[in-house]
Amino acid sequence: MTTTATGALLRRDGLARRRDPLYAVSLAFLGLVVLVAAFAPLLAPYPPDAIDFTAIWGSPSPAHLLGTDQLGRDLFSRLLLGTRESLIGPLALLAGATVIGVAIGLVAAWNGGWVDVLLARITDVMFAFPGLLFVVLVIAVFGKGPWTAVVALALAYAPVIAKFTRSIALSELARPYVDAYRVQGASAVHIAVRRVLPNMTPALLGYLVVLFGEGLMSLATLSYLGFGAQPPSSEWGLMVQEGQDGIVLGHFAPTLVPGLAIAAVVVAVNIVGVRLSERLGARA
Amino acid sequence: MSTPETASATAFAPAPGPALVEAAGLRRAFRMPKGQDPVVAANDVSFRIAAGEVLGLVGESGSGKSTIARMLVGLERADAGSLRIAGADRFAPARGRAARLARARQAQMVFQDPYGSLDRRLSVQQALVAAMRLHGLADREGARRRAGELLDRVRLTVEQGALRPHQLSGGQRQRVAIARALAVSPTLLVLDEAVSALDVSVQAQILELVDEIRRDEGIAVLFVSHDLAVVDEIADRVLVLYRGDVVEEGAASAVFRAPEHPYTRLLVSSVPGPGWDPHEVIARRREFDAAR
Ligand SMILES: Nc1ncnc2c1ncn2[C@@H]1O[C@H](COP(=O)(O)OP(=O)(O)OP(=O)(O)O)[C@@H](O)[C@H]1O
Ligand SMILES: [Mg+2]
């Protein structure tokens with residue numbers, strides 16, 4: 001009786017684990033997006049910047065699957081090629097912010113002292129200061145462009161990641177295995193980087209995935225505002241902005257298509273990030 | 001109280017000659033939030049441990065046992081006093097990797113928490129190999145072979161060596177912790193409440209193992225516990241700590257059967273047994289504190 005009950009429970013748990021369609025679909029969708037980014041030049045029927053003044057604001061047709069924009073450029077090709085810049089930007093921003101943020105967060109947790117105080121001050125200011133304003137300031141100083149936007153956002157995200165890293169590092173460092181490594185004679189750097197950090201990655205990973213989605217949104221917003229990607233790029237945020245003129249003329253696709261692409265990727269990334277946190281967190 | 005397997009513990013006579021561990025005048029006070037007096041965890045603690053000897057350290061909660069234990073392995077600093085292990089001054093500044101590793105080989109520790117003191121990411125085998133590789137004691141192949149020997153030493157199977165901590169029982173984890181400590185061939189092994197989280201039969205197995213190791217390896221052992229019965233079984237000599245001071249020291253059999261200091265008498269008579277009355281214990285404790 002008890003064994004069958006337990007068996008049923010285990011089976012149900014197993015089923016619940018496997019049947020997570022939202023997670024599976026999101027993951028598959030993101031996989032597809034990455035594939036598209038990798039093979040975009042082969043998949044796109046037209047060059048993304050091929051102007052055709054005879055086909056301005058064209059409706060979807062066999063020749064132009066999603067229609068054309070204000071310069072007669074093929075929307076479908078622009079969408080596919082835009083995947084690259086739209087993904088690489090947030091990826092680079094996250095990589096930079098993660099390296100800086102995790103390093104600062106670990107040092108702050110390990111040493112306390114002035115690094116910890118400085119981090120607290122910086123994050124206080126960052127949280128009080130509108131993020132977008134900070135980024136616009138950086139861009140005002142260093143000039144606009146896709147990489148300035150990435151660097152500015154990386155600088156804005158680094159303290160956030162540092163603060164999160166610090167909090168999980170503090171609880172990790174309180175575990176006795178860290179003392180055991182000290183007694184073993186391991187150096188502080190060895191313990192922090194080789195031993196403690198890998199134990200923190202499950203907790204970090206889901207958080208970083210969610211931040212990636214946020215970064216994608218922020219970069220697209222900056223491009224939309226004209227601070228990020230510049231024409232003739234087909235970065236999605238820029239595409240939304242350029243397509244806007246069509247709305248009053250009744251041409252919605254040039255805005256809607258890249259807008260939906262951004263939304264779909266961000267939603268999928270968020271779902272994956274949250275589920276990853278739950279799964280990895282439960283295992284740790 | 002004592003089992004046949006560990007009867008040898010009390011019969012074992014420490015080798016005469018210079019002590020492996022010499023602690024003199026160890027002192028440590030912890031600063032408290034403003035306005036409060038500092039807590040003196042160790043006031044003036046001195047002791048010696050010979051090769052192959054088990055020194056028991058007993059005392060109530062907060063008496064300073066862990067502070068002393070952590071001092072011996074370099075996890076806690078001393079405000080005053082001296083500490084030598086195998087002749088080496090533990091409090092002299094040690095800069096650099098070689099000095100740090102040499103210190104680690106002088107003293108290793110087994111912690112109370114069998115769940116938290118192992119790195120959950122590493123298998124047993126990996127943890128042992130990592131310890132030896134850190135100390136450059138063997139190449140990868142040699143380390144793997146020696147890990148097998150260590151597993152055997154603490155009575156774990158090769159199959160268990162492939163498991164990660166969450167797949168092991170509390171007793172098995174403490175065996176792993178002991179093997180990890182032995183991996184660097186320490187001079188002194190410190191066990192801080194190492195069997196306190198285990199059930200009685202598992203405790204007996206671990207005690208037997210520790211007894212065997214000190215005999216075969218000739219290492220000095222500091223065995224910290226608040227459990228007098230356990231210390232009586234494993235220790236040759238006992239140090240009784242009361243609020244950071246050693247109030248009694250002697251052969252385990254003498255201290256537990258004929259305690260001299262009133263505090264030791266109180267401790268011994270407070271051990272739960274037939275006719276044990278918690279109210280009486282508390283009342284006697286109050287009387288003792290009032291007399292001090
Ligand atoms: N890092 C610290 N900061 C402040 N006070 C401390 C610290 N470590 C220990 N103490 C204090 O020192 C005293 C001795 O603590 P210690 O942990 O050595 O006792 P113990 O004998 O091991 O107790 P237990 O049997 O509960 O483990 C206690 O009053 C404790 O609160
Ligand atoms: Mg303690």
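1. Across the interface of chain B and chain A there are 10 residue pairs in polar contact, both residues of each pair being at pLDDT 80 or more; a polar contact here is a pair of N or O atoms within 3.5 Å, where within protein one must be able to donate a hydrogen and the other to accept it, and residues adjacent in sequence count only if both atoms are side-chain atoms. On the side of chain B that touches chain A, the elements giving two or more residues are helix 3 (97–106), strand 6 (107–110) and helix 4 (124–134) of chain B. By class, that side of chain B has 12 nonpolar, four polar and seven charged residues, with Ala, Val, Leu, Ile, Met, Phe, Trp, Tyr, Cys and Pro counted as nonpolar, Asp, Glu, Lys and Arg as charged, and the others, Gly among them, as polar.

2. A word on the basis of these values: this is a predicted model, in which local features need pLDDT of at least 70 and side-chain atom pairs count only at pLDDT 80 or more, while totals for chains, interfaces and linings use all residues. Residues are numbered from 1 along each chain as its sequence is written, chains are lettered from A and ligands numbered from 1 in the order in which they are written, and side-chain values use heavy atoms, with hydrogens and water left out.

3. To return to the interface, 18 residues of chain A are in contact with 23 residues of chain B, contact meaning heavy atoms within 4.5 Å. The area buried between the two chains is about 1800 Å², of which carbon and sulfur atoms give 54%; buried area is the accessible area (1.4 Å probe) that two parts lose on being put together, summed over both. The rule also finds two salt bridges across the interface of chain B and chain A, a salt bridge being a side-chain nitrogen of Lys or Arg within 4 Å of a carboxyl oxygen of Asp or Glu. Arg70(B) forms a salt bridge with Asp179(A), and the closest N and O atoms are 3.1 Å apart.

4. Chain A has 10 helices and zero strands, where helices (H or I, at least four residues) and strands (E, at least two) are DSSP runs numbered from the N terminus. Its C-alpha atoms fill a box of roughly 75 × 65 × 30 Å, taken along the principal axes. The side chains of Asp20(A) and Arg279(A) meet in a salt bridge at 3.4 Å, N to O. This pair links distant parts of the chain, 259 residues apart, with Asp20(A) in the loop between helix 1 (2–18) and helix 2 (21–43) and Arg279(A) in helix 10 (residues 253–283) of chain A.

5. The unreviewed UniProt entry lists six spans of chain A as "transmembrane region", among them residues 21–44 and 87–110; UniProt positions are given in the numbering used here, feature names are shortened, and annotations may be inferred rather than shown by experiment. In the model, residues 21–44 are 96% helix, with end C-alpha atoms 30 Å apart, and residues 87–110 are 100% helix, with end C-alpha atoms 34 Å apart.

6. Chain B holds an open sheet of four strands in the order 2-1-4-5, with antiparallel pairing, two strands being paired if DSSP finds at least two bridges between them. Strand 2 and strand 5 (88–89) stand at the edges, each with a single partner strand, so one side of each is left without a neighbour in the sheet. Seven bridges join strand 1 (residues 21–30) to strand 2 (residues 39–49), and Arg28(B) stands opposite Ala42(B) in strand 2. Strand 1 also pairs with strand 4 (residues 80–85) over five bridges, where Arg27(B) stands opposite Ala80(B).
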